Amino acid sequence: MWTLAGQGCWRRSALAAWATRAARRGLPGPRPAPTRGTAAESKTPDRSYSSADRKEKIDMSRFPVENTRNFSIIAHVDHGKSTLADRLLELTGAIDKTKNNKQVLDKLQVERERGITVKAQTASLFYDYEGKQYLLNLIDTPGHVDFSYEVSRSLSACQGVLLVVDANEGIQAQTVANFFLAFEAQLSVIPVINKIDLKNADPERVEKQIEKVFDIPSDECIKISAKLGTNVESVLQAVIKRIPPPKVHRKNPLRALVFDSTFDQYRGVIANVALFDGVVSKGDKIVSAHTQKTYEVNEVGVLNPNEQPTHKLYAGQVGYLIAGMKDVTEAQIGDTLYLHKQPVEPLPGFKSAKPMVFAGMYPIDQSEYNNLKSAIEKLTLNDSSVTVHRDSSLALGAGWRLGFLGLLHMEVFNQRLEQEYNASVILTTPTVPYKAVLSSAKLIKEYREKEITIINPAQFPDKSKVTEYLEPIVLGTIITPDEYTGKIMMLCQARRAVQKNMMYIDQNRIMLKYLFPLNEIVVDFYDSLKSLSSGYASFDYEDAGYQTAELVKMDILLNGNIVEELVTVVHKDKAYSAGKAICERLKDSLPRQLFEIAIQAALGSKIIARETVKAYRKNVLAKCAELL
């Protein structure tokens, strides 16, 4: 990958490229569909269909609505969601019980390499309890703040959640954020305290935290060890007892919500659907409420966790549907599907994700433009929170301006492009979206609105054209041991943050709430916070609108010529330090030439910082050395 950033342009070495390809060849291939023998052979209680049943299509009518439960697992990063999902899959017989079952639902290569969940994954579990067979539809969700859109989409197909909390770490920032997502969706919440097998685990302290912060009685908490499988069975029983069945009507016309989708080059779009009304089966003609196009259903089924075709899908169930959609633009996440000639009221869908970070993306070679365009379209089908706008640059040619939910989201998207589509790209420095209120009627008429949004710093309007600039702000939540509070407060003040709240969640942990300018936290705030707190503090943020700010456009000049790709927008008070830092980094990054290179940072016509890359000089002593 090449990355063009404020500090210069780096190229990946041939050795690194060779190592990447070698590592990619050495990675294990797709996991084969697991098979099960008898209960005695697998040493797993016989709670699922036999392998003979699995070869045949499952009859989903055997699961009435009252025996169906739809739930998600939500938690902070690394609190054990995927490990718990593995144990639930083993317990219900969906996969064989082996030592190799580690993050089975994390199917992407980037998830395996980074050890984090990026995509929400669905699995249908069959479980016998008190003489009845239940269908439990599980959705494992990401834990990082950058993928909260995945969580909110997954919750739309659920009636309850398992809120997993680490018995050692306790409540963290993303735990709070995910709880309130579930609370706002009016879902049943089952608190699960995980990792009770750890040496420093303190489940009683975590129980008190949950009771104080979330107002959930401590006796409702389930203490487990997902790694060892301790008390995991009680989690499944709690799902059946505490989470209500979906409120649906199977006799009504079909209404299905598309909550996720992937693209298969042979079968087209595979849509993950939650049925709110009716029944769908192979051969049915369905219509998309978004495009009004009609399709014939080629296959329906459930994920167990691999694709398992079924005869039909009924209201209240979650599964997949293939209907010959060959164009990636045809499967919109949040779309409603209904039967041909039986139109229904479309479901509300999803609130579109609001990008927090923008970056330019360009092909290394312009001849690769169409291939990269196709790759981005297919990947945005699977990750609908990315926004795409066409863009062009004098130096880099035609490309796109992409909007992401955060810096990690941007890195993962770029990594998936490289791994899944073999596309190498140039990425520009990440920026945040600013707004400007125009001053004259002529400009308002030209832009067709009084308040314009700027996602490319090169298009930042001059101060003479606007009455005020607005910058995005976020409400940040920091949870930390109280011994680091002073250092963290100083860090927040240095980032122009305003304190809003401070609360002790137990005797030695504190929750701080601050209003931050987004551009102050988007690049390196998280790293600084972890460094100051020895890794113990956690951070989460949510959008809080815009505020007035004194912003300036800073140009970077090389030998008097403005480099459009290095233009940046900064706060007036930080312009000098930011300009000096960029000039120093460029000086270290740019190779020396036979001529002198002047690197300058400028606000309008005023130069505020300068560094010089000295020219190569003739070595007058070279011949003397030869004579000696």
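Analyst: A cavity is a set of grid points where a 1.4 Å probe fits but cannot get out. Rolling a probe the size of a water molecule over the atoms shows where empty space is left. Keep in mind that this is a predicted model.

User: How many cavities of 30 Å³ or more does the structure hold?

Analyst: There are 5 of them. The largest cavity has about 120 Å³ of space. Of its 14 lining residues, Arg 401, Thr 428, Asn 456, Glu 564 and Glu 565 are the closest to its centre.

User: Which element gives the largest share of the lining of the largest cavity, and what classes do the lining residues fall into?

Analyst: Strand β20, residues 387-393, gives the largest share, with 3 residues. By class, the lining of the largest cavity splits into 4 nonpolar, 6 polar and 4 charged residues.

User: What about the second largest cavity: which residues line it?

Analyst: That cavity holds about 60 Å³ of space. Its lining includes Val 118, Lys 119, Phe 147, Asp 383, His 409 and Arg 416. Two elements, α6 (148-155) and α11 (407-421), each give two or more residues to this lining. Sorted by class, you get 4 nonpolar, 2 polar and 5 charged residues.

User: Which domains does that lining draw at least three residues from?

Analyst: Domain 1 (60-242) and domain 3 (357-421) each supply at least three.

User: You mentioned α11. How do I read the way α10 and α11 pack?

Analyst: Look at the angle and the distance between the axes. Helix α10 (residues 369-382) packs with α11 at an angle of about 115°, and their axes are 11 Å apart. The crossing of the two is right-handed. On the α10 side, the residues that meet α11 include Leu 372, Ile 376 and Leu 379; on the α11 side, Phe 413, Arg 416 and Leu 417 are among the partners. The contact of α10 with α11 has 7 nonpolar, 2 polar and 3 charged residues. Notice Arg 416: this residue also lines the second largest cavity.

User: Where is Asp 215 found, and what is its phi?

Analyst: Asp 215 sits in the loop between α8 (203-214) and β8 (222-223). Its phi is positive, about 60°, although Asp 215 is not a glycine.

Technical notes
Residues numbered from 1 in each chain as written. Predicted model: local features only at pLDDT ≥ 70, side-chain atom pairs only at ≥ 80, totals over all residues. Heavy atoms only, no water. 1 Å grid on protein atoms, 1.4 Å probe; cavity = no way out; pocket = protein on both sides within 12 Å on 5 of 7 lines; lining within 4 Å. Points joined across faces, edges and corners; volume = space filled by probe spheres on them. Helix = DSSP H or I, 4+ residues; strand = E, 2+ residues; numbered from the N terminus. Nonpolar A, V, L, I, M, F, W, Y, C, P; charged D, E, K, R; others polar. Domains from an automatic or database assignment. Axes fitted to C-alpha atoms, helices over the stretch in contact; angles between N-to-C directions. Left-handed = near helix turned anticlockwise from the far one by under 90°. Contact = heavy atoms within 4.5 Å.
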